Amino acid sequence: MTIFLIILSLALAVLAAAQLMRVFEASAKLKGGTSELPSDAENKYQAKMMLVFLAAYFSFFAWLVAKYGDKLLPESASEHGVHLDNLLDFNFAIITVVFAITHVFLFYFAFKYVFNKDRKAYYFTHSNRLELLWTTVPAIFLAVIVIWGLSEWIDITMDETPNDAVVIELYPKQFDWTARYAGSDSTLGASNYMMISGTNPLGVITDQSLESRILELETEKAEFQSELDAAPEGGVKEVEMIEKIEKWDRILAKVRSFTDLDAANRMLGNDDILVKSEFVIPRGKEVAFKFRSRDVIHSAYMPHFRAQMNCVPGMVTEFHFKPTITTAEMREKTQNENFDYILLCNKICGAAHYNMQMNIKVVEEEEFNKWMQGQKTFAESITPAEENGTANAGEKDYVISMIEY
Amino acid sequence: MATGHTDHHHEETFISKYVFSQDHKMISKQFLITGMIMAVIGMIMSSLFRLQLGWQGESFWILNFFLGDKWAPDGILDPNMYLALVTIHGTIMVFFLLTGGLSGTFANLLIPFQIGARDMASGFMNMLSYWFFLASSVIMIASLFIETGPASGGWTVYPPLSALPQAMPGSGLGMTLWLVSMSLFIVSSLLGGLNYVVTVINLRTKGMTMTRLPLSIWALFVTAILGVLSFPVLFAAALLLIFDRSFGTAFYLSDIHIAGEVMERAGGIPILYEHLFWFLGHPEVYIVLLPALGITSEVIATNSRKPIFGYRAMIGSILAIAFLSFIVWGHHMFLTGMNPFLGAVFTFTTLLIAIPSAVKAFNYITTLWKGNIRFTPAMLFSIAMVSTFISGGVTGIILADSALDINLHDTYFVVAHFHIVMGLSAVMAMFAGVYHWFPKMYSKSMNRKLGYAHFWMTFICAYGVFFPQHFLGLAGVPRRYYTNSEFPIFDDLISINEMVSIFAIVGAISQFIFIFNFLYSIFKGPRSSQNPWGSNTLEWTTPVDPIHGNWPGPLPTVHRWAYDYSKPGKPEDFVPQTVPLEEGELDGGGH
């Protein structure tokens, strides 16, 4: 009923507006103002509005800068980020000047050369000199921008990562992150998505994890086998179970093939360290990130470090930077005692995309080393049985929430 | 088209006149009205998600009214629906309004009119083009009403998100419908595009050389070529995605463990989809923008009573932009882990586009200089288009820089940039085109006073919506976030979001001024004269009431370029293209 009334009143409003229009048009006709072209008064009014708009537009810009200019990202907390900020400032200087000059000309000309029936426009078809001027001048500025920009890009992406860099893998899934440190050997252990289980969220391959994964798969397969035996012949359930058992056989074959990796390789993962919700990095040391993804494309965005890289399932991407300001120092600089560096997801990945975060803590190197020593290694974390149970429960919660959506 | 006159005596039924029409003028109107309906839907969607973004997590009865208890329980928007709205808003605006609606309307209306042809090369294909477009629109809208909701992986629908129904509800049936709809859309676009190209090449009237074509035709012609070359690649991308979704292939999928299960797909790579998508996606930007630039060129020259400045440079820059648009797609993918050297190449080619674009902007400004400017609503929208083209274009220089893109990629800075340079420019030009050519569509004039009101509301709100978003981007706020209150670092920026939402909603409401004016003028508007704006181009030599074949007698002959406005020694401030050159008179300003 309400909807009907709303529609009815809207329809009446439209009809009333149409009637008003007719009255206006009739009165305009009486005054002789029905020409299809704007009258002198209209032209003059719109011409003035051009200047008013120009002033308003520039003022809006200035007001935004005054009001929000200091609420943007604080100074860069990474070494390359400082260079990028300088480059950005230079670019902004150029485009602001271009923007201002062209807008002044555009709206001023529109104001100045308003229609006058006693005047004829200047028949000016082209000028090679002018056109050459505004082809070459932008070209020169762009050359500077390109050369500077690309030299930064090459510095950031193509230089060698130093050997003593802290190696961290960031592994996202819907909708959280896990960070894996390479540990004392500075090398990440091999991993595969078929190895993923409750205790091994990144699918790291070690002797221990292989053994438990094979056991897990065999147990599951046995469950399917008993369900198959209980299922009525020729039913849907039977087909489903046969398919599952076949699938599990294929996964098992693949997982068993990992035992062919040489033994030294299977040791690498033992000292890896997995952390959630917050990871710590040392100031003044290069941090080399590697990214994979467990399900869909995510993007690891660390705005305070001017760092970002997509995380793509099926491939490994990389980025590295050197943090220069500790969290404690940044809290002082921003005068915000709750300040934290953050890692966000910046590629649409599903319903909770907006809340896929991890804190980043930058500390001095000694503190970092101390923190590292306090963490459980992968080998240590994979053993206890009760942890296995809780992790599995978490996994199930997640599945249920997926179905709900 | 010598046989065109036989159509005159053909008996018209309602069906053949209004429904299955093969007349370019009617098809143009069909595209316009369909595009407008789609635009209103897309606009309402943006107002709905702006409510959530401006006042995060608050309850609005209107959300519940439009979306129901499932997607907006207690008037609070569901995060999945938020993503769906963003996705379909983008799809509708980019494809249905600014590709189908813009090119479909003005290519159909202007190409036969301005080149002096009786109709398109193939009226039947032209009709098919519209009907595929309509079918595709209907399917896209239908996908809004299914249980799991429409596609919601962003308008670029990157797999694996879009390929796996386990990843989000919108990747189920909604995504299938999206792909079906887009496939039909591509067919429509190819049928139309081929027709436009063939018509411009073959059916120009006597004397209408390529260098006498109005810039609108040049723009629409090159746009059609871009579409014909790039849309098939999107079709390939969509086809492979359909295979991955439905037939168990792994073109885009590998190493995926989702919803607690291992997926046995290996060897594919999602980046392949991105390459295929953006190989269309970037030319697509110019498919949207070039017709806008073409319309603006016509309207600015006509209403400045002055030749467009640097006609040949304008053609050159259209061609340069079109060529370059095919070798820049990688700038959407700097952070996908592609070889940094390749990133450097794409940075270089992308920044090159700034040069022809700058030439165009400067030429428009010079056209105004010492002109004799009449501020019709169309002219105001064209000036606004030049302004948005510059305001949005300059930030492109920053985003094209791969190094700077690291921190700005996928933030609101990008949202601000492309909405201003592509969205606003094209919408402003589309409004300009409708106000300017309305007399040729409906034989009536639109109300000027309402036009002014509509213009100022639209222009002010447009900048009010998108200009502040640059600041959000510079603060690192990612796009496509349902709310950014989960991160304390963005708390200071809440008032920007509120301001943006207010402008967006006021701007959306003021579009109803236009819709009212449009409908009112169709039925009750004053009858227009034959050449109300004093234009040189051929469409204004046709009778006020449209006829099949456009010209009652023989086709007009063209003797000069389209821009002889205020030519010295002429009694009037315009000289139509059909007026022969006097002895010793130079054509095209002495080129």
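**Notebook: domains, chain contact, sheet and helix pair**

I took the centres of domain 1 and domain 2 of chain A over C-alpha atoms and found 37 Å between them. The model I am working from is a predicted one.

**Entry 1. Domains of chain A**

I noted the bounds next: domain 1 of chain A covers 37-158, and domain 2 of chain A is made of 166-182 + 272-374. I then looked up the contact between these domains and found nine residues of domain 1 of chain A against 15 residues of domain 2 of chain A. I sorted the domain 1 side of this contact by class and recorded four nonpolar, four polar and one charged residues.

**Entry 2. Contact of chain A with chain B**

I looked up how many residues each chain brings to the contact: chain A gives 104 residues and chain B gives 113 residues. By class, I recorded 65 nonpolar, 32 polar and 16 charged residues on the side of chain B that touches chain A.

**Entry 3. A sheet in chain A**

I traced an open sheet of five strands in chain A; the pairing is mixed and the order is β4-β10-β9-β6-β7. I asked which strands stand at the edges. They are β4 (278-282) and β7 (307-311) of chain A; each has a single partner strand, so one side of each is left without a neighbour in the sheet. For the twist from one strand to the next, I noted an average of 20°.

Within the sheet I checked β6 (residues 298-302) of chain A and β9 (residues 341-345) of chain A, which pair in the antiparallel sense over two bridges. I located Ala300(A) opposite Cys345(A), which lies in β9(A). I also looked for a helix on the sheet and found α9 (residues 365-373) of chain A packed there, touching β4 and β10 (358-363) of chain A. The direction of α9 makes about 135° with that of β4(A).

**Entry 4. A helix pair in chain B**

I turned to helix α6 (residues 173-202) and helix α7 (residues 215-246) of chain B, whose axes come within 8 Å and cross at roughly 150°. Angles over 145 degrees count as roughly antiparallel, and I therefore recorded α6(B) as roughly antiparallel to α7(B). I noted the crossing of α6(B) and α7(B) as left-handed. What classes of residue make up the contact of α6(B) with α7(B)? I recorded 20 nonpolar and four polar residues, and no charged residues.

Methods: Residues numbered from 1 in each chain as written. Chains lettered and ligands numbered in written order. Predicted model: local features only at pLDDT ≥ 70, side-chain atom pairs only at ≥ 80, totals over all residues. Domains from an automatic or database assignment. Contact = placed C-beta atoms within 7 Å. Nonpolar A, V, L, I, M, F, W, Y, C, P; charged D, E, K, R; others polar. Pairing = 2+ DSSP bridges. Helix = DSSP H or I, 4+ residues; strand = E, 2+ residues; numbered from the N terminus. Axes fitted to C-alpha atoms, helices over the stretch in contact; angles between N-to-C directions. Parallel < 35°, antiparallel > 145°, perpendicular 65-115°, else oblique. Left-handed = near helix turned anticlockwise from the far one by under 90°.
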